[in-house]
Amino acid sequence: MRGLIKAAAVAVVGMAVRRLVSPGGGDGRWQRGPLVRRHPRWHVVTVNRSTDDVVRGKRLPEPLAGLGEAVEIRFRRAAGDRGIELAVRLRDGDRSAVIAGIERLSGRDPDQAIRAALREAKQLLETGEVLHPDYPPTTESTAVNRPLQLATRQGRREGRL
Amino acid sequence: MKALVWQGVNEVAVSRVPDPQMRNEQDAIVRVRKTVTCGSDLHLLGGYIPFMQRGDVLGHEFLGEVVEVGPQVRRHKVGDRVVVCSFISCGRCWYCQQELFSLCDNGNTNPAITESAWGFASGGCYGYSHALGGFAGSHAEYIRVPYADQGAFTVPDGVSDERALFASDAAPTGWMGADLGGVKPGDVVAVWGAGAVGQMAARAATLLGAERVIVIDRLDNRLRMAQTHLGVETLNYQTQDVGGELLERSGGRGPDVCIEAVGMESHSSGPQFWYDQIKQQLRLESDRPIAARAAIYHCRKGGSVFLLGVYAGLVDKFPLGALMNKGLTLRGAQQHGHRYIPMLLERMARGELVTEHLATHTMSLDEAPRGYDMFKNKHDGCVRAVFEPAA
């Protein structure tokens, strides 16, 4: 059983690596090849607040403001009265999938910072604070759980957003 | 403090872990009075959900007393006796406002894992792996409760701990299956699984007006419990012809609503079990969907199937043909407990919903490893093992 669990963990890590070098989240983009340069894409969240609530005072929520001039930010009323869409993308910086994947693995991918900032901005606007994980943790580091610890350290910085 | 921690596949132990700390202004700290095993914990125990780490505290169904509140907590104060929904939901995102609380956008601090696996992330859950936020579980002396105003519910004075405990998860999960499964007065409802969730789904179906409710399992003690405490009909799939009986009892139509309360480690008596067991062990499928297949097959034309049992990933031989050609409605969800818990506590206070019989074994937290062994292996008629950290 332990061997199977380890095999499953290896498979998960393999899928994660594939996803890391595939900005679209493991979909058809992978088939375009790892060396093709991609344009930065918009990362978008919908915030369940009115447009007025979000843009009042013309101040961005702190996590987004912290991204500075490196990004473009767009607001749009969400369809179906679902609040406001916040969209962010890098101003420039076309990268190959390989370079992007290396940056992502090393935690220096600017898209990771955008994802985290969007998620945190949404939480601040909707709930008034950013939900923190439990601390101190009760978990122990082992050779088997190291890949999972690596993944959870990137909790809000990764995913399909 | 003391807590029951996951140490590896099928290994749990009571250990000392750090006390929980307030991390947000909307947090509360709850001293756990009762915390109970859940069938879905067995998927974590068995390594079927590969996002556990050594030292993770298990448990998500609990009741306790508030001992500390953050400055933004308005509805609770120190000393309140509360039952806490197993899912962590903010109450303010679009999903929460649609009462789809387990789909909360903000309750999971590790959204990347489930977003990658399922397309979008669900909310967080106590003691349910790092895929659902990595929050410490309730099999401990104390637990941190984020968004306490949303997820903690004061227990009315007339409701005992023993009864209210199941308002945390089993009762709202079961109720959701009947409610979102669309049970209407006069319906014939079949429920696969006579564990606590299946029994609560059967009771909910009765309270929502179903004319016949039939619970299906292989364990006679659980079926007897459903007959005795819920007054429903039962079928033992190991000794009875489920298909024939369901046709006979529904006038040849099949059940209007089929609720599956079994999940990814489903059993059966035929070769189907070995097929799925081998594929699951070889990780050629992650889940054994035997009860789900049966629910789809036996459901009447145009009927409704609701999946309450937990599934993690991919299944094999899924009867899409039956689903499509019979025009079925298939739904499933982790529990949207915040939507039902206040109503369920009222029903508990009125005596309409009783749950005490589900707690077949009560013991101290020190004995929790033995409790899980009994629960997993169904020893001594164990339906649920309840732990009392203060005992």
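Me: What should I know before reading the model?
Reply: Residues are numbered from 1 along each chain as its sequence is written, and chains are lettered from A and ligands numbered from 1 in the order in which they are written. This is a predicted model, in which local features need pLDDT of at least 70 and side-chain atom pairs count only at pLDDT 80 or more, while totals for chains, interfaces and linings use all residues.

Me: How many residues of chain A and chain B does the contact take?
Reply: Two residues are in contact if their C-beta atoms, placed from the backbone, lie within 7 Å. Here, chain A gives 42 residues and chain B gives 43 residues.

Me: Which helices of chain A each supply at least two residues to the side that touches chain B?
Reply: Helices (H or I, at least four residues) and strands (E, at least two) are DSSP runs, numbered from the N terminus. On chain A, the helices are H1 (2–20), H5 (110–127) and H6 (146–153). H1(A) gives the most, with eight residues.

Me: How do the residues on that side of chain A divide by class?
Reply: Ala, Val, Leu, Ile, Met, Phe, Trp, Tyr, Cys and Pro count as nonpolar; Asp, Glu, Lys and Arg as charged; the others, Gly among them, as polar. The side of chain A that touches chain B has 14 nonpolar, 16 polar and 12 charged residues.

Me: Into which domains is chain B divided?
Reply: Domain bounds come from an automatic or database domain assignment. Domain 1 of chain B is 2–169 + 335–388, and domain 2 is 173–332. Their centres, taken over C-alpha atoms, are 25 Å apart. In the contact, 22 residues of domain 1 of chain B meet 21 residues of domain 2. Helix H1 (41–45) and helix H13 (337–350) of chain B each supply at least two residues of the domain 1 side. That side divides into 11 nonpolar, seven polar and four charged residues.

Me: How do I read helix packing?
Reply: Two packed helices are described by the angle between their axes and the distance between the axes. Axes are lines fitted to C-alpha atoms, for helices over the stretch in contact, and angles run from 0 to 180 degrees between N-to-C directions. Angles under 35 degrees count as roughly parallel, over 145 as roughly antiparallel, 65 to 115 as roughly perpendicular and the rest as oblique. Take H6 (residues 170–180) and H7 (residues 196–207) of chain B: the angle is about 50 degrees, and the axes are 7 Å apart. H6(B) and H7(B) are therefore oblique to each other.

Me: At what angle do H6(B) and H13(B) pack?
Reply: H6(B) and H13(B) pack at about 105 degrees, with axes 9 Å apart. They are therefore roughly perpendicular to each other. Ala171(B), Pro172(B), Trp175(B) and Met176(B) of H6(B) meet Gly337(B), Tyr340(B), Ile341(B) and Leu344(B) of H13(B). The contact has seven nonpolar, one polar and no charged residues.

Me: What is the backbone background?
Reply: Most residues other than glycine have a negative phi, and most peptide bonds are trans. In chain A, the bond from Tyr135(A) to Pro136(A) is cis, with omega near -5 degrees. Pro136(A) sits in the loop between H5 and H6 of chain A. Asp81(A) is not a glycine, yet has a positive phi of about 60 degrees. Asp81(A) lies in the loop between strand E3 (71–77) and strand E4 (84–90) of chain A.
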